[in-house]
Amino acid sequence: MPSHRNRSHTTQGIILMRKPWKESSFILDVLTVDFGRITVLAQGVRRQRKAMEGMFESLNEAEWVLHKSPESEWFILKDITMVTPHLYDVNLPTSALMQAAAELLLKLLYDDMEAVQLYQLLKEYLAYVVKVQRNGIAVLWRFMLRISLIFGFPLFLNRCVKCSKPPQAFGAYYPQLNGLICTSCLHPAHRDVVIPLTPTASDLFIKLPHIGSMLDDITISIPDGRLITDVLLIHLSQHFNRAITLKSLELYFLAP
Ligand SMILES: [Zn+2]
């Protein structure tokens with residue numbers, strides 16, 4: 001629980017984004033356990049040693065001591081203790097996958113209860129994706145599926161959204177029904193309103209719940225990688241009523 005002594009609050013948090021502010025400060029977007037997603041002003045830290053600047057890299061996980069003035073929405077940084085600098089020393093594709101998660105969490109709207117779950121999910125994701133040697137994009141897909149679950153908007157991978165039967169193969173994502181439809185239900189008349197899947201993309205969707213154990217043995221082509229990512233983003237976009245895209249992933253697809 002946050003301590004209210006001297007109006008200082010202690011919490012765990014992960015930096016989603018930092019922006020320079022005036023000559024010597026940063027404004028940080030931080031996902032915290034106790035206060036949800038907050039804005040933190042780190043005053044004067046850019047004037048200090050370079051090591052101090054490193055404390056405020058995106059996706060750093062830290063223990064925060066914060067001051068909250070009643071007049072402002074912002075928290076003021078009092079002290080910070082690094083727990084894990086997640087982006088430190090990771091390769092480019094992994095870094096892109098990690099930053100895509102942060103980018104996604106910056107684009108969603110959530111309350112404090114959801115933020116606690118998202119914080120835990122992000123922590124697990126960062127710890128997992130860094131260990132994966134191949135096909136890390138599938139770990140991001142699992143992250144996105146878990147997000148839709150947290151918001152009560154699951155994407156079912158074990159049944160067709162139209163006939164409810166377990167699919168032999170999925171033919172398309174059907175935005176109006178917010179789900180995947182099987183090849184038997186997909187008719188030519190749907191062509192203009194669905195996002196068609198390739199057989200290999202369908203196969204990846206069906207494998208997705210258990211894909212963690214297969215990452216070393218499967219191949220995900222770049223077109224399938226983009227297609228599945230797009231379908232998951234469209235699914236989230238439907239729920240949040242806004243088009244959600246992930247720029248960070250371009251780096252991944254350039255060097256997967
Ligand atoms: Zn069906």
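Two strands are taken to pair if DSSP finds at least two bridges between them. Helices (H or I, at least four residues) and strands (E, at least two) are DSSP runs, numbered from the N terminus. Under these terms, Y173 stands opposite I195 in β8. The structure is a predicted model, in which local features need pLDDT of at least 70 and side-chain atom pairs count only at pLDDT 80 or more, while totals for chains, interfaces and linings use all residues. Residue numbers start from 1 along each chain as its sequence is written.

The protein contains seven helices and eight strands. Its C-alpha trace spans about 65 × 35 × 30 Å along the principal axes. Of its 256 residues, 33% count as buried. A residue is buried if 20 or more other C-beta atoms lie within 10 Å of its own, exposed if 12 or fewer, and partly exposed in between, with C-beta atoms placed from the backbone. Contacts between residues were also computed. Two residues are in contact if their C-beta atoms, placed from the backbone, lie within 7 Å. Among contacts between residues at least 6 apart in sequence, 55% join residues at least 24 apart.

Two domains are assigned, domain 1 (5–85) and domain 2 (92–254). Their bounds come from an automatic or database domain assignment. The domain centres, taken over C-alpha atoms, are separated by 31 Å. Twelve residues from domain 1 and 14 residues from domain 2 make up the contact. On the side of domain 1 that touches domain 2, the elements giving two or more residues are β1, β2 and β3. β1 gives the most, with three residues. The residues on this side of domain 1 divide into seven nonpolar, two polar and three charged. Here Ala, Val, Leu, Ile, Met, Phe, Trp, Tyr, Cys and Pro count as nonpolar, Asp, Glu, Lys and Arg as charged, and the others, Gly among them, as polar.

Strands of a sheet pair through backbone hydrogen bonds, either parallel or antiparallel. A closed barrel of five strands runs β1-β2-β3-β5-β4, with mixed pairing. Neighbouring strands of this sheet are turned by 45 degrees against each other on average, direction ignored. Axes are lines fitted to C-alpha atoms, for helices over the stretch in contact, and angles run from 0 to 180 degrees between N-to-C directions. β1 and β4 pair in the antiparallel sense over seven bridges. In this pairing, I14 stands opposite E61 in β4. β4 and β5 are also antiparallel, over nine bridges. L66 stands opposite L77 in β5. A hairpin joins β4 to β5 through six residues. Strand β3 (residues 36–42) and strand β5 (residues 75–85) run parallel and are joined by two bridges. L41 stands opposite I76 in β5.

Helix α2 (residues 92–107) lies across β1 (8–21) and β2 (25–32), at about 100 degrees to β1. Helix α3 (residues 112–129) lies across β1, β2, β3 and β4 (60–68), at about 95 degrees to β2.

The largest nonpolar core holds 64 residues, of which L31, A101, L122, L140 and I181 touch the most other members. A nonpolar core is a set of buried Ala, Val, Leu, Ile, Met, Phe, Trp, Tyr and Cys residues joined through C-beta atoms within 7 Å. This core draws at least three residues from each of domain 1 (5–85) and domain 2 (92–254). A101 touches L122, Y125, L140 and F143, not counting residues up to four places away in sequence.

A second sheet is open. Its three strands have the order β7-β6-β8, with antiparallel pairing. β7 (179–182) and β8 (195–196) stand at the edges, each with a single partner strand, so one side of each has no neighbour in the sheet. Two bridges join strand β6 (residues 170–174) to β8 in the antiparallel sense.

Q168 is found in the loop between α4 (137–150) and β6. Q168 counts as exposed because it has 11 C-beta neighbours inside 10 Å. Leaving aside neighbours within four places in sequence, Q168 is in contact with C182 and T183. The C-alpha atoms of Q168 and S184 are separated by 8.7 Å, with the two residues 16 apart along the chain.
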